[in-house]
Amino acid sequence: MSSSSKLLAELIDALRCLPGVGGKSAQRMAFHLLERERQGGFRLAAALEAAMRDVGHCSRCRTFSEEPVCPVCASASRDKHVLCVVESPSDLVAIEQATGYRGLYFVLLGRLSPLDGLGPEELGLPMLAQRLGEGEVEEMILATNPTVEGEATAHYLGQLARAAGIRVTRLAHGVPLGGELEFVDRGTLAHAFGSRQVLGS
Amino acid sequence: MRIDQQPTFVMHGRPYRETSLLLECLTRDHGRIGVVARGVRRERAKLQRSQLEPFQPIALDFLLRGELATLRAAEPIGLPMRLVGDALMSGLYLNELVVRLTARHDPQPAVFDAYGSTLRRLADGEPVGWTLRRFERDLLDALGYALALEFEGDSGEPLVSGGSYRYEPELGAVPARPNEPHTVQGRDLLDLAADRCPDAAGLAALRRLMRQVITFHLGGGELRAWTVLGQGGVRR
Ligand SMILES: [Zn+2]
């Protein structure tokens, strides 16, 4: 785009790295900040700078953290015998918000995917194996996504846990609550049918 | 070019732009193609992502223009195949192998057929190692890299069942020197040619052989799935 200001053009271009932001919205955001939100803009710049510089990964669970060990891992009130493995930090947040889970996490930052160049090393599995060997974890909950790659990852992790003599559980998947069978896709329905459970009395 | 009802397997999907997926597909008549599935990563997408997962036989409608195709519709054909455990891991290997060895826009109906029947075997719980060896043999064959499994590479003499051979990717089987490591028995090569499952030692020798031949055709370099399968304890 043609712009009278080089700095403005640079800002618009930089904003486009945000998800869902194309040229048009980047331009709108830039003008908004300059016209009406200088204070907010300074705050955004400072927060962005600090987060990009200081947020790393927890050395225990690999989630985002500016401390070497994140608050969840450091908390004395969490159950250290249960470890829930998720693909991403956003999955961790989703489980924290939706359930009363009180155990700990391990974040893979991906899933096994040979075609994406993601193998055991990239997912921190040597670190996880070492942790399982420490003997504190008694149950590992596999909360990877119900996709082909998520399932393959769960299978791999299951073997790792069993080798360490640890109980393994997997999140159930099936028909969504409030859903109707005729509208559920075939794969999901086949899976739900295959993993049906005995009705409790 | 508008293509309708094309039998297809999705081999891999990765996020593309904001709400789309870029699918690496194996089609029956157009070979391997990249297909953009627009908007399927939206929460209320019309087409569900689960329908575009690997290992499901689907019929695709798409628009082929330039390098990438654009998805118009997808529907399942037949029953979904469910790969679990070692079979699932093997499926990932299959996909990496096909993507790395085939070129885009190169129609290979024989590869498509071999791929489909291999998935079926994996889903039906047939032994993983033998199933993979058969696929590797058929894939190499279809791509013009057929293994020489019945005659010696240098002399053209028929292989002897009890003979010990070294397999050289460019030449074929040549008689092994005494005490040479990593040899393969004539009977194992003849079994593979005749589509008979060899014994465990034979399968292990054929696995080593295939890995060596595939590495050669990849121009060196490893497949990621080899590490994943190896460390995952898959009985491959
Ligand atoms: Zn942590």
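**Figure 1. The two domains of chain A.** In this predicted model, the centres of domain 1 and domain 2 of chain A are separated by 25 Å, taken over C-alpha atoms. Domain 1 of chain A covers residues 77–170, and domain 2 of chain A covers residues 175–201.

**Figure 2. Chain A as a whole.** Chain A holds eight helices and six strands. Along the sequence these elements follow the pattern α-α-α-β-β-α-β-α-β-α-β-α-β-α. The radius of gyration of chain A is 22 Å, well over the 17 Å given by the globule rule for 201 residues, so chain A is more spread out than a compact globule. A box of roughly 70 × 45 × 35 Å, taken along the principal axes, is filled by the C-alpha atoms of chain A. Of the 201 residues in chain A, 24% are buried. Among contacts in chain A between residues at least 6 apart in sequence, 45% join residues at least 24 apart.

**Figure 3. The four-stranded sheet of chain A.** Four strands of chain A form an open sheet in the order β4-β3-β5-β6, and their pairing is parallel. At the edges are β4 (103–107) and β6 (167–170) of chain A, each of which pairs on one side only. On average, neighbouring strands of this sheet are turned by 25 degrees against each other, direction ignored.

**Figure 4. The pairing of β3 and β5 in chain A.** Strand β3 (residues 79–86) and strand β5 (residues 139–142) of chain A pair in the parallel sense, over four bridges. Within this view, A:V85 stands opposite A:L142, a residue of β5(A).

**Figure 5. The surroundings of A:S59.** A:S59 is placed in the loop between β1 (56–57) and β2 (64–65) of chain A. A:S59 counts as partly exposed because it has 13 C-beta neighbours inside 10 Å; a residue with 12 or fewer would count as exposed, and one with 20 or more as buried. Leaving out residues up to four places away in sequence, A:S59 touches A:P68 and A:V69. From A:S59 to A:R78 the separation is 19 residues in sequence and 17 Å in space, C-alpha to C-alpha.

**Figure 6. The side of chain B that touches chain A.** Contacts between the chains involve 28 residues of chain B and 21 residues of chain A. On the chain B side, β1 (2–16), α1 (85–101) and α6 (224–231) each supply at least two residues. The largest share of that side, seven residues, comes from α1(B). By residue type, the side of chain B that touches chain A divides into eleven nonpolar, eleven polar and six charged residues.

Key. Residues numbered from 1 in each chain as written. Chains lettered and ligands numbered in written order. Predicted model: local features only at pLDDT ≥ 70, side-chain atom pairs only at ≥ 80, totals over all residues. Domains from an automatic or database assignment. Contact = placed C-beta atoms within 7 Å. Nonpolar A, V, L, I, M, F, W, Y, C, P; charged D, E, K, R; others polar. Pairing = 2+ DSSP bridges. Axes fitted to C-alpha atoms, helices over the stretch in contact; angles between N-to-C directions. Rg over C-alpha atoms; globule rule 2.2 N^0.38 Å.
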